[in-house]
Amino acid sequence: MSGADPLADWRRELIAGVRARGVDRTSAEEIADELLDHVEARVAAGELPAGPSDGSVDEVLAGRPDLAEVAVAAEELGSDLRRARRARRWRDVLTIPSVLLLAFVGLTVWHVSWALRVDATDRFILRFVDRANGIDSVMPWFAYRGTAGTILAWSEIVFAIGATGLFFFARRPFRRIGLAMLVVWALAWFLAAGRQALREPGFFAPIAGLYAVAVLVLLVRWWIRLPEWAER
Amino acid sequence: MSIDSKLLTGSMGLLLLDVLAKGESYGYAITAHVRDASGGRFEFKEGSLYPALHRLERDALIESFWVERDGARRRKYYRITAAGEAELKARQRSWFEFTAGVNGVLGAER
């Protein structure tokens with residue numbers, strides 16, 4: 001559009017709001033332009049209040065910032081988008097950092113507990129152990145000790161950070177991949193904690209419960225869809 | 001006389017395809033055409049028009065393109081595709097069958 005856009009503020013607000021719902025910038029700009037073109041066409045057709053002069057739509061709107069119906073419509077749309085943006089921020093605060101925090105706390109507790117186990121009290125068996133015919137079958141790749149354990153622990157940290165990073169990408173496919181990684185990762189931790197809870201429910205059942213909540217929250221986040229009008 | 005909005009929503013795809021089968025058009029013009037052709041009975045709101053258009057586009061029944069205009073905001077036009085024309089014929093047949101059935105029951109057909 002040549003010249004100053006009298007609806008520039010609304011357009012910016014629209015684009016920001018639509019993008020906050022995970023739409024890429026190009027698509028958000030297209031949605032905003034299509035809706036604003038509709039508003040301008042209605043003003044030009046006299047369906048929305050026009051200004052005192054019969055000049056161009058831009059002139060009318062620029063000269064009449066108090067145009068009631070247009071302003072109300074834009075404000076309603078704007079407030080709706082602002083609410084959605086705030087809600088999304090809270091969802092992010094409540095999900096991603098919470099899951100990350102759980103992960104780091106879990107890793108730390110696991111490591112410390114493992115170190116305490118060296119005295120062979122066998123109170124906290126933190127390896128993945130199956131006892132069959134009196135023989136322990138240990139899966140060392142799933143125990144946080146030694147070289148394998150270190151690699152596993154750091155891989156999980158990198159995985160979680162990578163997933164979170166992807167989640168903050170503007171493009172929705174990346175965000176979906178990041179969220180899927182977090183779902184898988186939280187699910188794995190839930191299953192691991194659940195298994196340990198069979199042996200030490202007092203200690204691991206709450207942890208398994210926390211991860212169950214994390215999985216649930218992430219899955220709910222996964223299924224939250226864009227409003228249809230913003231879908232492309 | 002008020003018309004049940006669910007009836008209009010249910011037939012919106014058919015109406016949009018029919019309008020676009022007559023020629024490419026854009027959001028507001030589609031709304032105005034439907035309003036005029038229906039004698040003011042049908043009035044599409046933005047909140048239902050654009051989702052419906054985007055759904056049809058996603059289903060490849062229509063396609064869109066942008067037109068730059070001097071001194072004015074660019075405008076998005078829609079046009080029907082070959083698949084859309086086939087779908088329109090199918091929906092028209094279905095609609096006529098449906099209305100014939102309803103009219104028959106109501107005794108509107110003599």
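Helices (H or I, at least four residues) and strands (E, at least two) are DSSP runs, numbered from the N terminus. The model on screen is predicted, so local features need pLDDT of at least 70 and side-chain atom pairs count only at pLDDT 80 or more, while totals for chains, interfaces and linings use all residues. Residues are numbered from 1 along each chain as its sequence is written, chains are lettered from A and ligands numbered from 1 in the order in which they are written, and side-chain values use heavy atoms, leaving out hydrogens and water.

Select helix α5 of chain B, residues 82-106. Within this helix, B:R91 and B:E87 are 4 residues apart, about one helical turn. Their side chains form a salt bridge (a side-chain nitrogen of Lys or Arg within 4 Å of a carboxyl oxygen of Asp or Glu), with an N to O distance of 2.8 Å. B:R91 is partly exposed at 28% relative accessibility; buried means under 20% relative accessible area, exposed over 50%, and partly exposed in between (1.4 Å probe, protein chains only). B:E87 is also partly exposed, at 28%.

Next, select B:R79 and B:E63, whose closest N and O atoms are 2.9 Å apart in a salt bridge. B:R79 belongs to strand β3 (residues 72-80) and B:E63 to strand β2 (residues 62-69), so the pair ties together parts 16 residues apart in sequence.

Move to B:E43 and B:R35, which meet in a salt bridge at 3.3 Å, N to O. B:R35 is buried at 18% relative accessible area, whereas B:E43 is partly exposed at 33%.

The structure holds 10 salt bridges over all chains.
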